[in-house]
Amino acid sequence: RGSVQTECNSCSICCKLSTKPVLLFANRIDIRQVLPHRSEYTLLLNNLENAIALDFHHNLELVFWSDVTLDRIMKANLNGSNVEEVVSTGLESPGGLAIDWIHDKLYWTDSGTSRIEVANLDGTHRKVLLWQHMEKPRAIALHPIEGKIYWTDWGNTPRIEYANMDGSNRRVIADTHLFWPNGLTIDYASRRIYWVDAKHHVIERADLDGRNRKAVISLPHPFAITVFEDSLYWTDWHTKSINSANKFTGKNLEIIRNKLHFPMDIHTLHPQRQPAGGRNRCGADNGGCSHLCLPNNKSYTCACPTGFRKVDHFNCLDKFLLFARRTDIRRISFDTEDMSDDVIPLADVRNSVALDWDAKYSYIYWTDVTTDSINRALWNGTRQEVVVDTSLESPAGLAIDWVTSKLYWTDAGTDRIEVSNADGSMRTVLIWENLDRPRDIVVDPVGGFMYWTDWGANPKIERAGMDASSRIVIISSNLTWPNGLAIDYETKRLYWADAGMKTIEFGNFDGSDRQVLIGSQLSHPFGLTVHEDKLYWTDWQSKSIQSADNLFCVICAPVPIVHNPCAADNGGCSHLCLLAPAPKAFSCGCPTGVNLQMDGKTCTPGREKNTLARRCRYIKFECRFVGKVYWSDSTLKKISRANINGTGHEDIISKGLMTTDGLAVDAVGRKIYWTDTGTNRIEVANLDGTMRKVLIWQNLDSPRAIALYHEMGYIYWTDWGEQAKLERSAMDGSDRAVLISNNLGWPNGLAVDMAGSQLLWADAHTERIEASDLNGLNRRTLVTPVQHPYGLTLMGSYIYWTDWQSRSIQRADKNTGANTITIRSNLPGLMDIQAVDRERPLGFNKCSRRNGGCTHLCLPRPNGTSCACPTGILLKRDGRSCDDSPDMYLLFSNRVSVRRISLDTDDFTDVHVPVPELHNVISLDYDSVDGKLYYTDVTLDVIRRANLDGSGMETVISQGLKTTDGLAVDWVSRNMYWTDTGRNTIEVARLDGACRKVLVNNTLDEPRAIAVFPSKGNCHGDWDASCRIFWVDAHLDRIESSDLNGKLRQVLVSPVSHPFALTQVPPPHPWLSMTRLTLPLGCLIHSPAL
């Protein structure tokens, strides 16, 4: 078509190809393909956040894109499958992206970090390539055949530059009459570059060296550009369109596609845009390079990933400075001139504070004060795991004993210093007395000592043996906020930074010979470390890492080799072997709660009675003689259980929970009861979560605490809605009665004193703990004032409660309220509390004999037992047995799960249908003949079917789907029909996926819902004798109907808040609204046949 023949007669890369070009473009929320001269477009990837830049690798059939909301670079197959993260850390605004299809490298610009980086196509061996004199790099284009990289920069001095692809030979080729140079593309055939300037509303071109610059066409707001043969193609923000024009004259202007969401980057998907004629300068062996082989205009350069040092022409080694930056952990190489930092690819780093390095096993350890956890991973980010994540409040200091592989940490929230094995096992509290906000900690395995800073009311620096022995204060004067600590093993000096004094000081290990190294010149020093002859520190206020000579060490020796007295047989210790100062050398320790025997080496179990308190996000928990602890987590929306030693953790309820504030275990009847203030329900289930049933759902307004009395057959609960009250019912939900409804505010904790036949409750609003008899009479105040009581329990003659405001556990006499004492203080985040008495015998189980004659649930009552069925299923006339499923019910999807609502019962509670491996279910239908659920998953691009018990799941259509938004089963002819929004088709196949056929593939523009009427043979229908079709309109917010020919149209309901899908209930209910049951999409099931 002209240009290939006239400009490329002698060019091996410009052979004319018969395949048609396809325009690949990012549309923010999706990535699509469009044919230039047919304006037909198909969906490649959807459900994206903010896709900006993209490129492709034609030979490998891959597409890459950047997302500036997620700050990620992703890749997928060109058919939209196998979506993967490539770069997920250290990005701020990755606005440009380019693929080297010859050497298989990924290049990108980041206007937030002001860098151009390069990596392998899988994101490994990442390197900061260009960073100096860079402001806001934007578009990027590669010429791998010539080893060149081109980019635009629209900072204060807008310009277009190029360099070799190894970063060398950088040149500015245009820096005048530029303002917002956005898009950039290379015409390999004509050896020109084209770019767009959104401020000047123009497309320009120039030779590859910047000469012969010329304006091609004026436009509203061009963003990105690509070229193919004689045509230019670009996206325009103002017109939200893709356009084309002749690349020589700017004429033949044509709109390819308009009314787009927000068109961003664009590329021509064609082999000619990635010509195969170029030579791979690195050859088959990566040029002999240990890491990166980067081409230049003549040959190639072996390069090192950021943080590595080049030791010869081919090889790299790592030696770096680690630092935490709250939401990530980074490293800076000591041996590279750029001193640029490299983000270690770690997941879910929320607020990292302390870190340390285990050189023996190459692990990084860090604390996170948002997740209250201690974590570790290998230096490259692999093998990441949580080491400690319980009973932490503010773990601000961390130190590794590399000799015995122990982990030490401080906690300013619990005011403790603890130790464990490096994997978090055998954890024990070392020091807990006279600590007031301990901060940093360092260990000296050579001398057997540990050192820590404390910046409470009386700031100080202390020292003790690593087994907590020989504790002394070594510095207690002229301190304000002593933060970081560091040990110089060569000079035997201790360094510390003080953010209040704004100094860095040092002294001997015993605190003597104290001297100021840097005085009154620092803003807010925090972390501190020593390496060779340098001291490095972080500064909060200047947000920087700084260094200085330590003035007393020219060439420091490495960390010395230390004799390990614990190496042989763990020092004879059964559990922990801890280093100690000479002459003892070591001592044995036990995990918290386990006692050390008289031999000083062996640990034995502790007491049989104890009180358990749960803090942080865990709202409610219960522990009974079954040897398991049960708890609810309102953040994860789960009820879980584990053995009392923490093993055997499992989730027993993980669906359909919102705010589970109250929980009680019936250890006798083997049931679990809970309240949910989000759904305003009280439910019951077996201890393993099976046979779940909604007991009470009417006239509840924020039910909170719950307590059981199995022997009497009663449930008690508090409700602190607008009319706070304390209620009771039988354990089957019957015989409900309000016991107390006056002078209540926020009734939190609740306990039943069976021995004393009384109820006890804590009220955070009235600031009282009160009691009454079991009928709510003889009410009296036991303790007042209490600041903010929450959980309440009793054991023996005492009541115990947690207090939010005082952050403590309190105790008082259960009958008089006298003798109040504090059991434990300084426990922020306290929630529920339960007493555990292993010696107390279990009572008689009313349902023990043949489950009370019930096929499903047997629930106690005051005068016996009653049988009940799981939610949504009616009890049969015999009063004992239940069907396996309701007679009539709704099935609906909320993307990641399929749920069922029974229409047989009045509670309309949704029940989880256990279909596995759901990612994004959009449409579903049910075949009542075989009892199969059919559904589409638009993340996997498949159509699947399964039984309603989750078994027999199989994929029936796995190829050639884009976005299957509609699905309908023809239960008569045994076919299924579906719409595909991405491919703009309606197709049909047998129910097993065989005999697939396209029915409609023209004049469709994103077909969505579909329904079939087999008795009429039409793709619309109604169960009503009037034969009408019904539909919802999410834009017009209404539900309408018409006859089967589209006539006699009428609006049934308006307005309806964004209806999505509908189904028909047999008369008299013609429709169900999303606003009533919040059904994303659904279908009606009536057994045994439709």
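**Strands, turns and cavities**

Author: Let's begin with strand 9 and strand 10 (residues 115-120): they run antiparallel and are joined by 6 bridges. Strands here are DSSP runs of E with at least two residues, helices are runs of H or I with at least four, and both are numbered from the N terminus. Two strands pair if DSSP finds at least two bridges between them.

Reader: Before we go on, what kind of model is this?

Author: A predicted model, in which local features need pLDDT of at least 70 and side-chain atom pairs count only at pLDDT 80 or more, while totals for chains, interfaces and linings use all residues. Residues are numbered from 1 along each chain as its sequence is written, and side-chain values use heavy atoms, with hydrogens and water left out.

Reader: Ok, back to that pair. Which residue stands opposite Thr-109?

Author: Ile-116 in strand 10. The two strands make a hairpin with 4 residues between them, and Ser-114 in the turn has a positive phi of about 55 degrees.

Reader: And what joins strand 8 to strand 9?

Author: 5 bridges, again with the strands antiparallel. Ala-98 is the residue opposite Tyr-107 of strand 9. That hairpin has 4 residues between its strands, and the positive phi, about 55 degrees, belongs to Asp-104.

Reader: How many residues of strand 9 are buried?

Author: 6 of the 6, so strand 9 (residues 105-110) is largely enclosed by the rest of the structure. Buried means under 20% relative accessible area, exposed is over 50%, and partly exposed lies in between (1.4 Å probe, protein chains only). Lys-105, Tyr-107 and Thr-109 point one way, with Leu-106, Trp-108 and Asp-110 on the other side, and all are buried.

Reader: Switching to strand 37: which residues point one way and which the other?

Author: Lys-406, Tyr-408 and Thr-410 go one way, Leu-407, Trp-409 and Asp-411 the other, and all are buried.

Reader: What about its neighbours?

Author: Strand 36 (residues 397-401) pairs with it antiparallel over 5 bridges, and Ile-400 stands opposite Leu-407. Strand 38 (residues 416-421) is antiparallel to it too, through 6 bridges, with Ile-417 opposite Thr-410. In the turn between strand 37 and strand 38, Asp-415 takes a positive phi near 55 degrees.

Reader: Where is Met-426 found?

Author: In the loop between strand 38 and strand 39 (428-431). Met-426 is partly exposed, with a relative accessible area of 30%.

Reader: Cavities next. How many of 30 Å³ or more are there?

Author: The count is 5. In general, rolling a probe the size of a water molecule over the atoms shows where empty space is left. A cavity is a set of points on a 1 Å grid over the protein atoms alone where a 1.4 Å probe fits but cannot get out, and lining residues have an atom within 4 Å of a point. Points are joined across faces, edges and corners, and volume is the space filled by probe spheres set on them.

Reader: How much space lies in the largest cavity?

Author: About 190 Å³. It is lined by 18 residues, and the closest to its centre are Asp-55, Leu-142, Tyr-188, His-267 and Arg-273. The lining divides into 11 nonpolar, 5 polar and 2 charged residues. Nonpolar covers Ala, Val, Leu, Ile, Met, Phe, Trp, Tyr, Cys and Pro, charged covers Asp, Glu, Lys and Arg, and the others, Gly among them, are polar.

Reader: Which strands supply at least two residues of that lining?

Author: Strand 4 (51-57), strand 8 (96-100), strand 12 (137-143), strand 16 (181-187) and strand 24 (266-269).

Reader: Last one: where are the cis peptide bonds?

Author: One runs from Thr-784 to Pro-785, with omega near -5 degrees; Pro-785 is in the loop between strand 71 (780-783) and strand 72 (789-795). Another joins Ser-1054 and Pro-1055, with omega about 0 degrees.

Conventions: 1 Å grid on protein atoms, 1.4 Å probe; cavity = no way out; pocket = protein on both sides within 12 Å on 5 of 7 lines; lining within 4 Å.
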